[in-house]
Amino acid sequence: MKGQTEIIGLVVVVILLILGGLIYLRLQTNPPQDYSELRTNVRATHILQALTLITIEGKQLKDHLVDCHQEKRCDVLKKEIPAILQAALPQNQAYQFVALQGEKELLRLGTCSTGIASSFPLTRQGLVFDLQLKLCTKS
């Protein structure tokens, strides 16, 4: 009887070793996760949030968007936003920045067509603006 107990114990140990080996092999054969797209999306979102906090020529971005919508004065934004994005993004990172008010496009800067996009709503004087930033993926 004592010999049978030892054999059962040995079988249990062998089964546990086999299961451990299978789990180890399963974990080793999975490809590593690539989080670069997630990081790019987070970067785009943070840049949009930061843009909403900046002051250009003594006025907030929201006020410049209102001027661009009501008075068609978008020159300041067309000049300053590319400079800000150039400083905030990695060197040679292509982008596309779009500012919308409803369905009306106020501003489109950059040439990116395919990439990771982020959007940020902004409200000022009863107007809702949608800021969109698309960062091109490297091919």
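**Figure 1. The disulfide of C68 and C74 in a predicted model**. The torsion about the S-S bond of C68 and C74 is about 90 degrees, so this disulfide is right-handed. A disulfide is here a pair of cysteine sulfur atoms within 2.5 Å. In this pair the sulfur atoms of C68 and C74 are 1.7 Å apart. Both C68 and C74 are buried, where buried means under 20% relative accessible area, exposed over 50%, and partly exposed in between, with a 1.4 Å probe and protein chains only. The model is predicted: local features need pLDDT of at least 70, and side-chain atom pairs count only at pLDDT 80 or more, whereas totals for chains, interfaces and linings use all residues. Residues are numbered from 1 along each chain as its sequence is written, and side-chain values use heavy atoms, with hydrogens and water left out.

**Figure 2. The disulfide of C112 and C136**. The sulfur atoms of C112 and C136 lie 2.1 Å apart. C112 is found in the loop between strand 4 (104–110) and strand 5 (115–124), and C136 in strand 6 (residues 127–136), so the pair ties together parts that are 24 residues apart in sequence. C112 and C136 are both buried. By the distance rule, the count comes to 2 disulfides. When the bonded cysteines of the protein chain are numbered in sequence order, the pairing reads 1-2, 3-4. In general, a disulfide is a covalent bond between the sulfur atoms of two cysteines.

**Figure 3. Helices and strands along the protein chain**. The protein chain holds 4 helices and 6 strands; helices (H or I, at least four residues) and strands (E, at least two) are DSSP runs, numbered from the N terminus. In order from the N terminus, the elements run α-α-β-β-α-α-β-β-β-β. The radius of gyration of the protein chain, taken over C-alpha atoms, is 27 Å, well over the 14 Å that the globule rule (2.2 Å times the number of residues to the power 0.38) gives for 139 residues, so the chain is more spread out than a compact globule. Its C-alpha trace spans about 95 × 35 × 25 Å along the principal axes.

**Figure 4. Burial and contacts in the protein chain**. Of the 139 residues of the protein chain, 29% count as buried. A contact means heavy atoms within 4.5 Å. Among contacts between residues at least 6 apart in sequence, 57% join residues at least 24 apart.
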